Each structure stands twice: as structure tokens, then as C-alpha cells.
Amino acid sequence: MDGRFTRTALTAVLERLCAELGLAHQGATLVKFTSNAVFDLPGDRVVVRIVGSMALRHRAEKVVRVARWLAGHDVPAVRLVEDFPQPLAVGGHLATIWHTVPAGGPPVDGHDLGVLLRRIHALPPPPFELPRWSPLDDVRKRIADAEELSAPDREFLEERLAVLADRLIGLRTALPEGVLHGDAHPGNLIPSPGGPVICDFDSTSVGPREWDLSTLPVGVARFGHPERWYRQLAGVYGFDVTRWSGFAVLRDVRELKLTTSVLPILRSHPGVRGELRRRLAALRAGDTTTPWTPYR
């Protein structure tokens with residue numbers, strides 16, 4: 001049985017969207033496909049982002065509001081193409097359209113991430129309601145929306161989810177709460193000639209600032225990011241989240257989110273199965289150091 005989000009299916013959605021909006025799909029490149037399918041349309045210098053899970057469609061409207069809010073405060077962030085109403089419904093899919101960020105800037109690092117997080121965390125509250133930080137909700141939805149998942153894996157993930165939910169109840173934070181980017185890592189910074197530009201507002205919410213700071217040390221441990229990047233982040237921000245007593249809880253939550261992100265596309269994108277098995281094995285073994293490879 002074919003998946004719901006195969007490249008063929010997504011290309012058909014893209015072609016229909018382009019036909020309706022007068023955009024050129026010829027030469028489009030699928031640059032990323034995990035939680036969302038991201039297509040680059042070089043002819044129109046736009047990026048099309050198609051939600052890759054039926055259970056997470058609700059985030060698209062929030063993403064649009066957050067993007068406009070950041071633009072209103074002149075934060076260096078990706079900008080929506082405002083010629084179209086957003087988000088756009090295409091059959092059963094939701095999509096957003098963004099201006100392409102010019103390439104050619106210097107590589108990003110932990111200093112860049114720290115500067116942008118400080119700026120976002122210092123903003124006044126937005127004029128719309130953001131959801132409460134609830135990182136395990138997405139995990140629950142992804143498990144429920146999994147294209148395929150063995151009974152033992154489902155049982156393990158649901159048990160781990162319940163344990164982490166209990167651990168989060170007792171979490172005591174050190175920093176004041178506020179608006180979070182929600183998925184703050186160097187991969188969500190685009191190096192433009194004018195400086196780094198931040199993207200991906202799917203997980204933006206209100207909650208503990210420690211969450212935004214905990215992502216990079218997980219990336220150092222799992223994906224081989226340079227350790228100096230985390231030292232830069234902690235120095236710029238003025239807080240070392242790895243020395244805070246609650247870091248291990250946030251690390252475990254982050255790793256569960258990273259592991260389950262592909263469940264809704266597992267049949268559509270079978271190339272990620274090997275890495276999923278590797279991550280599940282690490283979680284089962286309590287292993288927090290074995291390197292992982294990013295899902296592609």
C-alpha cells in the first residue's frame with residue numbers, strides 16, 4: 001500500500017497549487033521532507049511548504065500569524081508571500097508560500113542562534129493567543145497518525161510518553177516563561193548575505209525558555225555539532241541549560257520528538273526506516289550518546 005505523502009503525491013499537490021496561483025512548478029526541488037515537504041521554486045523565487053501530517057494541520061494558521069508578528073518586529077525571519085491568502089488549502093493538504101532567502105551568507109553557529117533567541121525572547125507578547133508549550137502533544141498525534149508502526153514499537157513509545165509526561169509535571173524552571181521558537185537549532189537558521197534568518201515556527205508556543213536552549217546540546221551529542229557552538233550559545237544568552245537540574249528531562253523529550261517526527265510519513269518515505277530503528281534502539285537502551293544521522 002502506498003503512503004499518503006509519497007513524492008508523487010506531493011508533487012501532484014504542488015502542481016495543482018502552482019496552477020491555481022500562477023506559479024511555475026517546473027524545476028522545483030524537494031529540499032526537505034520530514035514534518036513538512038519543502039519545495040524550492042527557483043523560477044518564482046519562492047518556497048512552498050506542505051504540511052506532512054494530517055494530525056498537525058492545525059499548526060499552519062499559527063505559523064502564518066507568528067511569521068507576520070516577527071515581520072512586524074523586524075526580526076530576521078523568513079517572510080510569507082503576501083500576494084496569496086495563507087495558509088492555502090489544496091485538496092486535503094495545507095500549504096504556505098515563502099520568499100526565498102538569498103544564499104551566500106557565512107555559515108551559522110551557536111553565537112548566531114543565541115543572538116536570535118535573545119531577540120525573540122525579548123519581544124512583547126503577540127496580539128494573538130499562542131498555545132501553551134506542550135511538547136508531547138505532537139508526539140501523541142504523530143503516533144496516532146503513523147502510516148505504519150509495529151505493536152511493540154507503539155507500546156514502547158506510548159509507555160515512554162507517559163513516563164516523560166509525569167517527569168514534566170514536576171519540572172521546576174530557572175528562567176522566566178515567555179514566547180518560545182520551539183525548535184531552535186542551527187538547521188533552522190538560513191545563512192543569508194545580510195545575516196542569519198530564522199525559520200520553522202511549527203512549535204512556537206509559550207513556555208519555559210530552557211526548552212529553546214536545550215536543543216543545541218542535544219544536537220552536539222546526537223548529530224555531531226561542534227561543542228563550541230553550545231559554548232557560544234550559553235555565553236551569548238547568559239545561561240548554561242546543561243547545568244540546570246531539569247536539563248535531562250528536556251533532553252529526553254527532545255529526543256523522543258526527534259525520533260517520532262517521521263511516523264506520519266513512514267510508508268511514504270521508507271528511506272528513513274533504518275534511522276528510526278537506530279533511534280528507537282538507543283531510547284530503549286537508555287543510550288544518550290550514540291550519534292544519529294538526520295532524517296533525509
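**Helix α1 and beyond**

Modeller: L10, V13, L14, L17 and C18 are the buried residues in α1; buried means under 20% relative accessible area, exposed over 50% and partly exposed in between, using a 1.4 Å probe and protein chains only. The model is predicted, so local features need pLDDT of at least 70 and side-chain atom pairs count only at pLDDT 80 or more, while totals for chains, interfaces and linings use all residues. Residues are numbered from 1 along each chain as its sequence is written, and side-chain values use heavy atoms, with hydrogens and water left out.

Viewed down the axis of α1, the buried residues fall within an arc of 130 degrees, so they line one face of the helix; the arc is that of the directions from the helix axis to the C-beta atoms. An α-helix has 3.6 residues a turn, so residues three or four places apart point the same way. Exposed residues T8 and A19 sit on the face of α1 turned away from its buried side. Cover for the buried residues of α1 includes β1 (29–33), β2 (36–41), β3 (46–51), β4 (88–90) and β5 (93–99). Helices (H or I, at least four residues) and strands (E, at least two) are DSSP runs, numbered from the N terminus. Contact means heavy atoms within 4.5 Å.

The 15 residues of α1 (residues 7–21) should span 21 Å at 1.5 Å a residue, and the end C-alpha atoms are 21 Å apart, which agrees. The expected span is 1.5 Å times one less than the number of residues. After α1 comes G22, with a positive phi near 75 degrees.

Helix α3 (residues 110–121) can be treated likewise. Its buried residues are G110, D112, L113, G114, L116, L117, I120 and H121, and what covers them includes α2 (59–72), β6 (177–180), β7, β8 (195–198), α6 and α7 (227–237).

α3 packs against α6 (residues 210–223) at about 170 degrees, with the axes 11 Å apart. Axes are lines fitted to C-alpha atoms, for helices over the stretch in contact, and angles run from 0 to 180 degrees between N-to-C directions. The two helices are therefore roughly antiparallel: angles over 145 degrees count as such, under 35 as roughly parallel, 65 to 115 as roughly perpendicular and the rest as oblique. G110, L113, L117 and H121 in α3 meet D212, L213 and L216 in α6.
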